[in-house]
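Student: Could you help me learn how to read strands and buried residues in a protein structure?

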Amino acid sequence: MYKRQDIGLNKVQEHEEKLLQYGLESLSTIDGIILYGSPKNRGAVIPFNVKDIHPHDLAKFLDTDNICIRAGHHCAQPIMNKLGISASARASFYLYNNTDDIDRLIESIKKTLNIFLEKKNQALGLLIRMQ
């Protein structure tokens with residue numbers, strides 16, 4: 001980490017860019033993830049959704065692993081309408097984050113996906129037995 005006297009805007013930006021690239025690469029390895037936006041110059045903010053999991057549900061499950069993301073429309077309803085979604089999840093990184101935090105985010109998303117898949121399969125099995 002940085003000492004207070006070593007921090008400057010250039011180092012903050014450099015650190016954010018490294019985390020942003022690592023985060024985008026890591027998130028893109030997850031099946032069912034939808035990443036939004038691809039601006040050339042962007043801050044370390046990644047809006048995304050996970051197929052079949054509402055962003056608010058995802059945020060709640062991640063919270064149980066002490067991971068905080070934002071979920072909702074982020075005061076950006078026009079872009080949500082254009083994307084055809086009602087909400088998204090959003091991860092953001094700053095000087096106090098590192099790649100370990102991103103690794104924990106990825107593992108928690110995968111864990112949540114497995115929980116939802118298991119529940120979906122249980123529900124399908126129940127429907128089949130009812131027929």
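Predicted model: local features only at pLDDT ≥ 70, side-chain atom pairs only at ≥ 80, totals over all residues.

Student: Which bridge partner does Ala-71 have in S4?

Tutor: Ala-71 is partnered by Ala-89 in S4, and strand S3, residues 70–72, is joined to S4 by three bridges, again in an antiparallel arrangement.

Student: Where do the side chains of a regular strand point?

Tutor: In a regular strand, the side chains alternate between the two faces of the sheet.

Student: What is Val-45 in contact with, beyond its neighbours within four places in sequence?

Tutor: Val-45, which belongs to strand S2, is in contact with Leu-20, Arg-90, Ala-91 and Ser-92 once those neighbours are left aside. Val-45 and Arg-90 are 45 residues apart along the chain, yet 6.8 Å separates their C-alpha atoms.

Student: Is Thr-112 buried or exposed?

Tutor: Thr-112 counts as buried because its relative accessibility is 2%, and buried means under 20%. By contrast, Val-45 has a relative accessible area of 36%, so Val-45 is partly exposed.

Student: What does Thr-112 touch?

Tutor: Thr-112 lies in helix H4, residues 99–130, and, not counting residues up to four places away in sequence, Thr-112 touches Ile-53, Leu-58, Phe-61 and Leu-62.

Notes
Residues numbered from 1 in each chain as written. Heavy atoms only, no water. Pairing = 2+ DSSP bridges. Helix = DSSP H or I, 4+ residues; strand = E, 2+ residues; numbered from the N terminus. Buried < 20%, exposed > 50% of the residue type's maximum accessible area, 1.4 Å probe, protein only. Contact = heavy atoms within 4.5 Å.
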